[in-house]
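Here is a short briefing to read alongside the structure. Take a moment to look it over, and then we can walk through a helix, a sheet and the domains together.

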Amino acid sequence: MNEFNRWVTPLNRRSSDPTPQGGTIEYEDFPATIDATGPMLYTLFQERWKEVQLGHVVEGSVLELELSEPPRLCVIYDGYLTVATQNWHMHLCLEEHLGGPHCKTPEELRKQRLVSRGALYRRLNAEGEPRSWGIQFWNGAGERMMNLFLPNPYLGEDEDLLPEGKPQLEKLGLYEQLREIYVLENEPIPFTENPLKRPYISVCRSSRCYPSRNWKPVFEALQSAVDEAELDVTVMTSGCLEVCKLGPVVFYSGDRTWYTRVKPEIARQIVSEHLVNGQKLVENVYPPA
Ligand code: FES
């Protein structure tokens, strides 16, 4: 595993686009690598979720979604970050999406789906005054992906426009902090490891997981074995893990391994032999060698 570098190498890439209203959008790029996007998005969705909104802005369509409570899920599976709330979820491709246990995603599509550019932006009006702040992502085909909207000092409660001349400039703190870390390299990333790369082990709880949908005893066995071994591995359940047969199906993110036909005893062995000693249980690995 590559060592995590807390200092971002600045790209020094600035650009601007005119807006149809006579204004400008100024961009400052940051590296679109998982070592930068992982900590940044973890901060925004797990620590500062009250302050961000996500969505997209293209001509003819605007989408803005708020988080009213912390996301119940913020995890990377097969390259895609999933953030899920009680009401909606989103996916963003931060690493190559290989396409499940059989690596079915064609090479070209892997490149197209991957975030290839990220930038902090400021949207300026025709008078050159900044009026909104955020983050924009682009995919490998150069298409705009989602936006994150950062706190706006001109907006009060319920998106109410504040009286002219009374902006709450302290709201720019989050934008400034991200800029110092990810654009200017004036501050280190505030984590000692990439928080979105922490390993987890997950069992599929889908009722489609034929023939055995009995995932609960497997989950409990994994949890108690991980606790006993005092491992820094999150035990969780998930939706479909793209095997859908020979269940219960288990996925370990640390080295991208799928297991099938996992009974509680096998679950305990996965922890003691694979997670602790690095020896996979070859008879249960999927696809079989
Ligand atoms: S439904 Fe369980 S792996 Fe697909």
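How many residues does helix H1 have, and what distance does it reach from its first C-alpha to its last? Helix H1 covers residues 34-47, which makes 14 residues, and its end-to-end C-alpha distance is 18 Å, close to the 20 Å expected at 1.5 Å a residue. Please keep in mind that this is a predicted model.

- H1 is largely enclosed by the rest of the structure, because 12 of its 14 residues are buried.
- Among the buried residues of H1 are Ile-34, Met-40, Leu-41, Tyr-42, Leu-44 and Phe-45, and the list also includes Asp-35, Gly-38 and Pro-39.
- Packing against the buried residues of H1 are strands S2 (24-30), S5, S6, S8 (115-124) and S10 (144-149), along with helix H3 (173-183).

- Five bridges join strand S6 (residues 80-84) to S7 in the antiparallel sense.

**Domains**

- The protein is divided into domain 1, spanning 14-183, and domain 2, spanning 199-286.
- A distance of 33 Å separates the C-alpha centres of domain 1 and domain 2.

Notes. Residues are numbered from 1 along each chain as its sequence is written. This is a predicted model: local features need pLDDT of at least 70, side-chain atom pairs count only at pLDDT 80 or more; totals for chains, interfaces and linings use all residues. Two strands pair if DSSP finds at least two bridges between them. Helices (H or I, at least four residues) and strands (E, at least two) are DSSP runs, numbered from the N terminus. Domain bounds come from an automatic or database domain assignment. The expected span of a helix is 1.5 Å times one less than its number of residues. A residue is buried if 20 or more other C-beta atoms lie within 10 Å of its own, exposed if 12 or fewer, and partly exposed in between; C-beta atoms are placed from the backbone. Two residues are in contact if their C-beta atoms, placed from the backbone, lie within 7 Å.
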